[in-house]
Amino acid sequence: PPSHNLEMKHLPGADPELVLLSHQYKELERIPLSDMTREEINQLVQELGFYRKETPDAPVPEAFQFAPARPLPTLPPLQAPTADSKTPPERDEGEHPDL
């Protein structure tokens, strides 16, 4: 069944992979699919939060319009730089603002 916000492109000669993009179409992650079965890929897509439609033309509930995007993490308020520091605090390495 089709999934909302999921598009498949067949590229002859390329190894299959799932490319996750931000809402600004910036690449976030590539997941190789070569060693996975169809069932494993379907499970992965569900685990990532893609909404599975009953039919290609079925409406998508409002709660899933932007799925699988996750809410932006709550970031600590920015502190004004002090006289001796001009750089804002850094985020944790695993934290991504577009997920």
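Glu7 has a relative accessible area of 62%, which makes it exposed (buried is under 20%, exposed over 50%, and partly exposed in between, with a 1.4 Å probe and protein chains only). The model is predicted: local features need pLDDT of at least 70 and side-chain atom pairs count only at pLDDT 80 or more, while totals for chains, interfaces and linings use all residues. Residues are numbered from 1 along each chain as its sequence is written, and side-chain values use heavy atoms, leaving out hydrogens and water.

**Exercise A: salt bridges**

Task: State how many salt bridges there are, and describe the partners.

Solution: 
- Step one is the rule: a side-chain nitrogen of Lys or Arg must lie within 4 Å of a carboxyl oxygen of Asp or Glu. The count is three salt bridges.
- Glu7 pairs with Lys9, with 3.9 Å between the closest N and O atoms. Lys9 is exposed, at 61% relative accessible area.
- Next, Arg30 forms a salt bridge with Glu17, the closest N and O atoms being 2.2 Å apart. This pair links distant parts of the chain, 13 residues apart: Arg30 is in strand β2 (residues 27-32) and Glu17 in strand β1 (residues 17-21). Helices (H or I, at least four residues) and strands (E, at least two) are DSSP runs, numbered from the N terminus.
- Arg30 is partly exposed at 41%, and Glu17 is partly exposed at 36%.
- Arg30 also meets Glu27 in a salt bridge of 2.8 Å, N to O.

Solution: 
- In general, nonpolar side chains in soluble globular proteins tend to be buried together.

**Exercise C: contacts of Leu18**

Task: Find which residues Leu18 is in contact with, leaving aside neighbours within four places in sequence.

Solution: 
- Contact means heavy atoms within 4.5 Å.
- The partners of Leu18 are Leu6, Glu29, Arg30, Ile31, Leu33, Leu44 and Leu48.
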